[in-house]
Amino acid sequence: MTETADSGPKALVELTGVNKHFGALHVLQDINLTISQGEVVVVIGPSGSGKSTLCRTINRLETIDAGRITIDGEPLPAEGRELARLRAEVGMVFQSFNLFAHKTVLENVVLAQVKVRRTDRAAAEAKAHALLDRVGVAAQADKFPAQLSGGQQQRVAIARALAMDPKVLLFDEPTSALDPEMITEVLDVMRGLAAEGMTMVVVTHEMGFARSAANRVLFMADGRIVEENTPEAFFTNPRSDRAKDFLSKILRH
Amino acid sequence: MLFEDGNFGLFRDGFLRTVELSAASAVLALLLGTLLAAFRVSPVPVLRSFATVWVGVFRNTPLTLLFFAVTFGLPRVDVHLSAFVGAVLALGCYTASFVCEVVRSGINTVPVGQAEAARSLGMTFGQTLVQIVLPQAGRAVLGPMSSIFIALPRNSAIAGAFNVAELYSVQQTLSERGYAIFVLFFWVALAYLCISAAVGLAFRRLEHRPAVAR
């Protein structure tokens, strides 16, 4: 292994030689990736390229067959309390929001603070109200998730993840299930987070977001990271044929 | 017939005994069955196997055999229980295997994303199950669960053959005294019907509680 320049920001998430199979499908092939503190990494690529799987391995919602993943220097533990403790440090926002359907919006943001962080209820509620206000859904606090629009639900989901003060936030296609007019409101919240220095891994098809908010773009295809570059360089001058082909298809319209 | 010769007292005691037996078995079955369901979906292989074997054994064994095992088998290994406690044990363990499978299928109706969200927030397996999954599984479970708990009081009639003076055994006692069998069966059947109807009604009320939309 080569010593990377330690003068820069510290490595928060490190994947080394990660491999994963779904049956015969080799969905992640020799993935090496280092994400520094405060970095916003956008992962793009055709569907089935393994980008969502990559995202989900970082908090071990998907296990890996080989390789090593560390968060802030700590290797991901196996299933159990240790893993739960580490997951609390890694926020996740899902494509289908996954708000707790039987809990109010406020309770969605309060629950893990109380149960996992052992914050007292009053403090947890105050924090939840502040976060809901920040993502612009303060007025919906007492409603149930199903009463909210998709965009509102996703913003609540972001607030819920933020309530744990995570070191890194993972976004697994956060806008793919949204109506076009609601995409902007979610992306705006994400841009705000990026500007504040939150470390983020974002799997998305929103090229506009990749251009404007990412520090680095990863292009994945067939389980590999094919290309890695600044958004500017990637979008104006992709090196691989695979990336050129992909971009020509999605940027045409 | 029911209101002569102090028969009503006997009948009433049998009825109450059946209610007691059913209620105690139901509590045991519900707690044990839910625990077994948690085992069946747990990440620990030993627990999963334990629950699978439990369901396999208790769901597939005739209840009468279980009563035999409790009544004649346990004393052999120096476990001495009263007839009532033995009956609760047999009925409870038997019914728990059905409850386990109903709860497990209820758990499977909850979208997997709910548990993933809970886990991604750092909740443990137990917290995820208790806080997120089971409350949402509850509604899907009510229908089949009511069938189980309507069957339970009727299954409890077997206890009458094992020295528990419950409702069905009252019929035997009275018929030995020479009362007309059809009249006896009418009253006994009516009493069971009352219990089943009460259980059914209770579940229907639960089902009509304000729903949370998914």
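**Exercise 1. List the residues that B:Arg40 contacts, leaving aside its neighbours within four places in sequence, and place B:Arg40 in chain B.**

Step 1. Contact means heavy atoms within 4.5 Å. Leaving aside neighbours within four places in sequence, B:Arg40 is in contact with B:Arg48, B:Ala51, B:Thr52, B:Val55, B:Cys100, B:Glu101 and B:Arg104.

Step 2. B:Arg40 sits in helix H1 (residues 7-41) of chain B. Helices (H or I, at least four residues) and strands (E, at least two) are DSSP runs, numbered from the N terminus.

Step 3. The side chains of B:Arg40 and B:Glu101 are joined by a polar contact of 2.7 Å. A polar contact is a pair of N or O atoms within 3.5 Å; within protein, one must be able to donate a hydrogen and the other to accept it, and residues adjacent in sequence count only if both atoms are side-chain atoms.

Ground rules: this is a predicted model, where local features need pLDDT of at least 70, side-chain atom pairs count only at pLDDT 80 or more, and totals for chains, interfaces and linings use all residues. Residues are numbered from 1 along each chain as written, chains are lettered from A and ligands numbered from 1 in written order, and side-chain values use heavy atoms, without hydrogens and water.

**Exercise 2. Describe the make-up of chain B and the packing of its helices H6 and H8.**

Step 1. Chain B has eight helices and zero strands. Its C-alpha trace spans about 70 × 45 × 20 Å along the principal axes.

Step 2. Helix H6 (residues 125-155) and helix H8 (residues 181-207) of chain B pack at about 170 degrees, axes 9 Å apart. Axes are lines fitted to C-alpha atoms, for helices over the stretch in contact, and angles run from 0 to 180 degrees between N-to-C directions.

Step 3. H6(B) is therefore roughly antiparallel to H8(B), a label for angles over 145 degrees.

Step 4. Among the residues making this contact are B:Leu142 and B:Phe149 of H6(B), and B:Ile195 and B:Phe203 of H8(B). The contact residues divide into ten nonpolar, four polar and three charged. Ala, Val, Leu, Ile, Met, Phe, Trp, Tyr, Cys and Pro count as nonpolar, Asp, Glu, Lys and Arg as charged, and the others, Gly among them, as polar.

**Exercise 3. Give the strand order of the four-stranded sheet in chain A, and find the salt bridge of A:Asp72.**

Step 1. The order is S2-S1-S4-S5, an open sheet with antiparallel pairing. Two strands pair if DSSP finds at least two bridges between them.

Step 2. Strand S2 (25-36) and strand S5 (74-75) are the edges, each pairing on one side only.

Step 3. Strand S4 (residues 66-71) of chain A is joined to S5(A) by two bridges. A:Thr70 stands opposite A:Pro75 in S5(A).

Step 4. A:Asp72 forms a salt bridge with A:Lys167; the closest N and O atoms are 3.0 Å apart. A:Asp72 lies in the loop between S4 and S5 of chain A, and A:Lys167 in the loop between helix H5 (150-162) and strand S7 (168-172), so the pair ties together parts 95 residues apart in sequence. A salt bridge is a side-chain nitrogen of Lys or Arg within 4 Å of a carboxyl oxygen of Asp or Glu.

**Exercise 4. Give the order of the six-stranded sheet in chain A.**

Step 1. The open sheet runs S6-S7-S8-S3-S9-S10, with mixed pairing.

Step 2. H5(A) packs on this sheet, touching S6 and S7 of chain A.

Methods:
Parallel < 35°, antiparallel > 145°, perpendicular 65-115°, else oblique.
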